[in-house]
Amino acid sequence: MERVAIIGASMTPFGQRDAWVRELLAEAGAAALDDAGIDGDDLDHLYVSNMASGEFEGQTGVPNALAHDLAAQPAYTARIDQTSSSGGAGVYAAWQSVASGASDLTMLVGGEKMTHRTTAEATDVIASLTHPVEYKQGVTLPSFAGLTARLYLDEYDAPRESLGKVAVKNHANGVDNPHAQFRKEVDLDTVLDSPIVADPLRLYDFCPITDGSAALVFCPESVAEEYVPEGEYAVVSGIGGATDTHVVHERADPTTMGGVADSSDIAYEMAGIGPDDVDVAELHDMFTILEFLQSEDLGFFEKGEGWKAVEEGVTDRDGDLPINTSGGLKSKGHPLGASGVAQVYEIFEQVTGNAGPRQVEADTGLACNVGGFGNCVTTTILEGSQ
Amino acid sequence: MSDNETTDDATGSDEATGSDEPTFEAAEYADGTITYPPHTVSPNGAERVGTVDLRAYEGRVLTWTTSTATPPGVREPNTLAIVEFDMGEEYDGPAVRALGQIAEREDGSGETFDVEIGDHVEPVYADELREPGAGIREPESQEWDGFRFRPVE
């Protein structure tokens with residue numbers, strides 16, 4: 001199996017954009033091709049991570065549209081939908097295409113256009129991933145977060161404030177990210193006084209609705225230096241994907257994300273490392289509670305102890321294990337299909353030393369992209385090339 | 001489980017008998033496990049052998065939330081709970097639970113009952129839990145009736 005390198009990366013500004021999905025994808029795709037120093041027609045494979053362009057704006061067939069816009073024909077194209085983890089699943093597909101030898105040059109572009117919809121409509125599009133017995137009760141993904149947060153706080157005797165501190169931390173990180181939707185700090189009182197969305201969680205415990213796109217270019221590690229100098233590319237040293245139950249209440253322990261644990265076990269084994277070897281991580285903080293659950297199920301902290309790490313500053317940018325240096329989904333925004341790609345973009349910037357004011361000391365970074373409420377997960381580990 | 005089965009045919013596609021109200025149907029499998037909702041096979045891959053009516057079992061609130069940002073066709077606010085059923089000492093399969101709305105008080109206030117973790121609750125049938133067709137899902141693709149929960153005094 002070929003070792004796979006990432007030789008180019010880009011992301012558009014995230015937020016409320018005038019552009020529609022086809023234009024967003026082309027914007028990020030063109031920038032990533034430029035970053036790797038290649039043209040569209042150099043690509044063997046072109047993947048698009050997208051959850052719901054048909055449902056959101058009535059535009060289907062986006063991979064073919066993107067291939068035409070970037071003059072990438074006759075590249076093989078496919079759309080990867082794995083709900084909120086479409087981006088991570090796209091990273092997996094792109095890695096697989098090169099690792100298997102099927103493609104010598106693959107680009108992945110993730111994107112979503114959402115903000116033209118009302119919050120209620122966008123919430124319903126996302127909630128359509130649920131089982132009929134869940135959907136008919138009017139459940140939303142934020143409701144699952146509220147249900148799980150209450151159980152977590154009760155079971156592990158964690159203070160409500162600890163969840164608020166995740167939002168405070170990630171907003172502080174987002175200030176230095178020029179692509180982030182929100183570039184402003186918030187204080188704990190603002191988080192704790194914001195309107196209730198899914199009790200006990202409040203507005204600032206949730207990511208926003210976002211438009212945006214991000215892209216990555218993959219090739220065999222053996223030829224990476226034909227495109228970019230040593231140090232300017234990263235290696236996908238480990239990657240794993242896994243699923244958990246579709247019906248959330250059927251999980252043995254609702255405060256454990258089995259897909260996170262299973263996918264990271266695979267990724268760690270492939271990379272030949274353990275959680276202690278990770279220098280920086282991007283976690284899927286669609287809701288603040290998810291940062292606790294993932295940090296525990298990835299093995300960074302003991303079960304029920306993730307909240308203490310946030311309280312003690314361990315996951316701050318200057319802590320022992322910085323988490324969500326990009327600002328996370330919380331402040332950077334969450335354009336569904338783009339998010340998993342943008343997580344890997346941030347880790348790529350970190351391990352190649354190009355993260356600017358967000359830079360931390362990092363040779364090895366991990367991105368964990370979660371679909372549904374932990375229903376499907378991809379964990380990706382990158383190592384720098386210097 | 002024999003006291004509570006409505007049938008034990010192998011398809012599990014049975015109907016309630018002897019009652020005007022639909023049953024709260026969970027599936028029972030050849031390995032003894034029970035799931036709600038029913039699946040094609042058990043978590044261990046065993047085939048379905050029958051159904052169990054969860055109305056016969058005591059339920060307790062595992063956790064709850066009140067959602068204030070609800071999708072089209074859903075009541076606002078919407079208080080939801082995950083309820084875990086006590087399937088008896090002989091049952092050693094995975095926990096049997098259901099996600100459900102908390103029922104409205106009967107005093108005409110339009111407010112739902114208050115619940116806390118650990119509260120004993122019982123299912124209450126509702127013929128329409130959310131408005132079919134108001135949201136994105138095709139109305140004919142699923143059922144819209146089902147069970148809410150209310151506290152047991």
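The structure is a predicted model. Its largest nonpolar core has 152 residues, and 34 residues of chain B are in contact with 34 residues of chain A.

**The nonpolar core**

- Within the largest nonpolar core, the residues with the most contacts are A:I6, A:A215, A:L216, A:F218 and A:V341.
- Helix α14 of chain A, residues 336-351, gives this core its largest share, namely nine residues.
- Chain B also takes part, as domain 1 (1-56) and domain 2 (58-151) of that chain each provide at least three residues of this core.
- Leaving aside residues up to four places away in sequence, A:L216 touches A:I6, A:A9, A:A32, A:A94, A:L108, A:V341, A:V344 and A:Y345.

**The contact between chains A and B**

- The contact involves 34 residues of chain B and 34 residues of chain A.
- On the side of chain B that touches chain A, at least two residues come from each of the strands β4 (58-67), β5 (78-86) and β6 (96-101) of chain B.
- The strand β4(B) gives the most to this side, with six residues.
- By class, the residues on this side of chain B are 16 nonpolar, 13 polar and five charged.

**The domains of chain B**

- Chain B is assigned two domains, domain 1 (1-56) and domain 2 (58-151).
- Where these domains meet, 11 residues of domain 1 of chain B and 11 residues of domain 2 of chain B form the contact.
- The side of domain 1 of chain B that touches domain 2 of chain B consists of seven nonpolar, two polar and two charged residues.

Methods:
Residues are numbered from 1 along each chain as its sequence is written. Chains are lettered from A and ligands numbered from 1 in the order in which they are written. This is a predicted model: local features need pLDDT of at least 70, side-chain atom pairs count only at pLDDT 80 or more; totals for chains, interfaces and linings use all residues. A nonpolar core is a set of buried Ala, Val, Leu, Ile, Met, Phe, Trp, Tyr and Cys residues joined through C-beta atoms within 7 Å. A residue is buried if 20 or more other C-beta atoms lie within 10 Å of its own, exposed if 12 or fewer, and partly exposed in between; C-beta atoms are placed from the backbone. Helices (H or I, at least four residues) and strands (E, at least two) are DSSP runs, numbered from the N terminus. Domain bounds come from an automatic or database domain assignment. Two residues are in contact if their C-beta atoms, placed from the backbone, lie within 7 Å. Ala, Val, Leu, Ile, Met, Phe, Trp, Tyr, Cys and Pro count as nonpolar, Asp, Glu, Lys and Arg as charged, and the others, Gly among them, as polar.
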